[in-house]
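Hello,

Here is the structure we talked about handing over. Please open it and keep it beside this email while you read the notes below.

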Amino acid sequence: MFVIVNRSMLASPSRRRLGKHLAHVSKDLALSSKTTVHGAFNSGLSAAGFHTGSKMDRKSVTVNNMNPNIKKMEYAVRGPLVIRAAEIERELKKGEKKPFSEVIRANIGDCHAMGQKPLTFIRQVLTLCTYPALMKDDRFPDDVRKRAQDILNGCGGNSVGAYSDSAGVDIIKQHVAQYIERRDGFPANPLDIILSTGASEAVKSVLSMLNYTNNGKPS
């Protein structure tokens, strides 16, 4: 049995109604069979405005009926060269002799894995955004505190945990536009900027926009 809860149903009156119905179900539990309780539970939830259903009523995806391309899919970044590189690294750690002492990975831009030191400014800003109580700590420079406060002011409820617009937090988009303008020498409009969680997600979004059907054929 599963229950789908609408967010609007979480208001206090709805919770009280649900509590009453669950109390009746608990009473029935001591007197009824499993089948009867299941029916009483569903009836109580339905009366409270919740949608109920049985697992047996739903279609499910299994290994046998799923898209075969999903089972054949491979993670391109981890090809045979990368797998072999990892094996060689383990062999070197075990003391095996080779004509080199280390493996330099050049397949992805993993800067920290290649030894680049993290930028203190970015980590300090992230720290203050996630724990604003440290904003009064003098160990954080003024420019760090100002940047963190600007970001928090641009978030709902002054919290980075709040939902943002689909295109990203506006103040961060403004910062990106300012950076592009300084770098390229041309004005940039924050409304033309969409933030992503990484290069892969951005590429996937662009390809999704380009993927459409023309006269019944993929284009």
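**What was found**

One patch on the surface is nonpolar: Val 203, Val 206, Leu 207, Met 209 and Leu 210 form it, and together they have about 520 Å² of accessible area. Please keep in mind that this is a predicted model. Met 209 is found in helix H8, which covers residues 199-210. Met 209 counts as exposed because its relative accessibility is 65%, and the cut-off for exposed is over 50%.

Next, the core. The largest nonpolar core has 12 residues, among them Val 125, Leu 128, Phe 140, Val 144, Ile 151 and Val 169. Helix H5 (120-130) and helix H6 (142-153) are the elements that give two or more residues to this core. H6 provides the largest share, four residues. Val 144 is in contact with Phe 121, Gln 124, Val 125 and Leu 128, leaving aside its neighbours within four places in sequence.

Arg 145 forms one with Asp 142, with the closest N and O atoms 2.8 Å apart. These two residues are three apart in H6, so about one helical turn separates them. Asp 142 counts as exposed, at 59% relative accessibility. Lys 146 and Asp 150 meet in another salt bridge, at 3.0 Å from N to O. They are four residues apart in H6, which again means a separation of about one helical turn. An α-helix has 3.6 residues a turn, so residues three or four places apart point the same way. Lys 146 is exposed at 52% relative accessibility, while Asp 150 is partly exposed at 24%.

Now helix H4. H4 has 14 residues and reaches 20 Å from its first C-alpha to its last, close to the 20 Å expected. Just after H4, Gly 95 takes a positive phi of about 95°. The buried residues of H4 are Val 82, Ala 85, Ala 86, Ile 88 and Glu 91.

Why does Glu 91 count as buried? Its relative accessible area is 18%, and buried means under 20%. Glu 91 touches Arg 84, Glu 96 and Lys 98, not counting residues up to four places away in sequence. With Arg 84, Glu 91 forms a salt bridge whose closest N and O atoms are 3.2 Å apart. Arg 84 is partly exposed, with a relative accessible area of 37%. A network of salt bridges links Arg 84, Glu 87, Glu 91 and Lys 98. The whole structure has 10 salt bridges.

Regards

Note on methods:
Residues numbered from 1 in each chain as written. Predicted model: local features only at pLDDT ≥ 70, side-chain atom pairs only at ≥ 80, totals over all residues. Heavy atoms only, no water. Buried < 20%, exposed > 50% of the residue type's maximum accessible area, 1.4 Å probe, protein only. Contact = heavy atoms within 4.5 Å. Patch = residues over 30% accessible without salt bridge, like charges linked within 9 Å, V, L, I, M, F, W, Y side chains within 5 Å. Areas by Shrake-Rupley, 256 points an atom, 1.4 Å probe, with all protein chains shown as cover. Salt bridge = Lys/Arg side-chain N within 4 Å of Asp/Glu carboxyl O. Expected span 1.5 Å × (residues − 1). Core = buried A, V, L, I, M, F, W, Y, C linked by side-chain atoms within 4.5 Å.
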